[in-house]
Amino acid sequence: MDSPTSDKVFGALEAFRIELPSWGFANTGTRFGKFIQPAAATTTEEKFSDAGQVHLLTGVCPTVALHVLWDCPEGLQSTDEIKRFATRYGVAPGSINPNLFQDQEYKYGSFGNPEEIIRRRALQHTKNSIEIAKRLHSRDISLWFADGSNYPGTANIRQRKKWFVEALQETHRELSSEQRMLVEYKPFEPAFYHTDIADWGMALLLSRAAGPQAKVLVDTGHHYAAQNIEQIVAWLLSENMLGGFHFNDRRYADDDLTLGSIDPYQIFRIFHEIIFFQWETGQRADIAYMVDQSHNLKGKLEAMIQTVTMAQQLFAKAALIDAKKLAMAQKNCNLIAAESLLQDAFATDVRPAIEAWRASKGLPTDPREAFRQGGYLERITKERAAKNAHNVSSYA
Ligand code: RM4
Ligand code: MN
Ligand code: MN
């Protein structure tokens, strides 16, 4: 690999950090059943320990996203112990995710629930989550709503939209000047007829209505098949409305498969739009890159390391595209030249340069192999097996 190429890879990796989800280390499953792993994290502390291990080996995952219901069972009081875990395991709390979908009250929705008392409860939980975020010095509040309906005629769609606007505005009022709220969209599931925030346009309108610190969160799994996600990304960037990503891959719907396992070229194209935007505008895109995957067949830590290294590879490949040449080829409608710039970058094997970058940082060149050799998995399996044998029903 020539040295300008490896310089580009080094430059890209310096700027790339990715956040891990705490729920990716706990036992999860499908709606048909949960497959218990003896090494799965059973407490918030164990989730921090696992995230810390992934960060130790990859060097690019300094934060862990928290789900309030699962990781802060004592609400604000949980923040002291979370700070201790952060120090002990070397990973800071990242985005804070209120949970507005699991409690019985939310059967007919949260911010869009026809009952005012439940809407208020959902708002109160969101406000508490913002308070937790403040205590933990977390910048982003990630909002995902399961709200929607299953049968035509059963919900007042316009009325629910109004309720959402009101609650999101109130949410925005609680933010400190450094904080942001990220509004996630999803076309279906758990609601199968209509979802209140079903696509990026709805998330964009609601974010705009909420206030300037509200941005859109793109979960790559939350699109219909064949949708052009990179175009959505490009539009959100041009509107200064892209707040962050939940990365995963999908074959059918919200499959939460390992990033790049089905269509690595798509993630590459998304990264390209971001890097091209930055080149063209001279502006750094302020985007939170987060993983939203919870593996129940693969080993959780190994799959997480696999995800992180894949993200680095695809980001580095996208950074190889010669933006100047691309702009010229686009201007001249030189289609094959433009297309080839993407294809050639994608076809470049960036792994040797990434290994060299890791070595330059004192990191293991092959983090997955280092994990296999390191003995961590054997230790946690021993420590947690008995506890996991009784774990049958909850993410926590
Ligand atoms: C949703 C969405 C949210 C995640 C939950 C668990 O489909 O992706 O971001 O927090 O799943
Ligand atoms: Mn998500
Ligand atoms: Mn999802």
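Buried means under 20% relative accessible area, exposed over 50%, and partly exposed in between, with a 1.4 Å probe and protein chains only. Welcome to a predicted model, in which local features need pLDDT of at least 70, side-chain atom pairs count only at pLDDT 80 or more, and totals for chains, interfaces and linings use all residues. Residues are numbered from 1 along each chain as its sequence is written, chains are lettered from A and ligands numbered from 1 in the order in which they are written, and side-chain values use heavy atoms, with hydrogens and water left out.

**View 1. The manganese ion (ligand 3) with His222 and Asp254.** His222 gives its NE2 atom and Asp254 gives OD atoms to this ion, at 2.2 to 2.8 Å. The pair links distant parts of the chain, 32 residues apart: histidine 222 sits in the loop between β10 (214-219) and α8 (229-238), and aspartate 254 in the loop between β11 and α9. Both of these residues are buried. Donors here are N, O and S atoms within 2.8 Å of the metal (3.2 Å for Na, K and Ca), and sites may look incomplete because water is not among the atoms. Helices (H or I, at least four residues) and strands (E, at least two) are DSSP runs, numbered from the N terminus.

**View 2. The octahedral site of the manganese ion (ligand 2).** Glu184 (OE), Asp219 (OD), His246 (ND1) and Asp292 (OD) coordinate this ion at 2.2 Å. Its six donor atoms make angles of 73 to 167°; six donors count as octahedral if opposite ones are over 155 degrees apart and all others between 65 and 115. Along the sequence, the donor residues follow the spacing E-x34-D-x26-H-x45-D. The manganese ion (ligand 3) is 3.9 Å from the manganese ion (ligand 2). Histidine 246 counts as buried because its relative accessibility is 2%, and aspartate 292 counts as buried at 12%.

**View 3. Histidine 223 in the loop between β10 and α8.** With a relative accessible area of 3%, histidine 223 is buried. Its side chain reaches two backbone oxygens, that of aspartate 219 at 3.4 Å and that of threonine 220 at 3.2 Å. Such a polar contact is a pair of N or O atoms within 3.5 Å; within protein, one must be able to donate a hydrogen and the other to accept it, and residues adjacent in sequence count only if both atoms are side-chain atoms.

**View 4. A cis peptide bond from glutamate 189 to proline 190.** Omega for this bond is near 10°. Proline 190 lies in the loop between β8 (180-184) and β9 (194-195), and glutamate 189 has its place in the loop between β8 and β9 too. Phi of glutamate 189 is near 80°, a positive value in a residue other than glycine. Glutamate 189 is partly exposed, with a relative accessible area of 34%.

**View 5. Cysteine 333 in the loop between α11 (323-331) and α12 (335-347).** Although cysteine 333 is not a glycine, its phi is positive, at about 50°. Cysteine 333 is exposed, with a relative accessible area of 57%.

**View 6. Serine 3 in helix α1.** Here the residue is partly exposed, with a relative accessible area of 48%. Serine 3 and glutamine 77 are 74 residues apart in sequence, and 51 Å apart in space from C-alpha to C-alpha.

Technical notes. Tetrahedral: all angles 85-135°; square planar, octahedral: opposite > 155°, others 65-115°.
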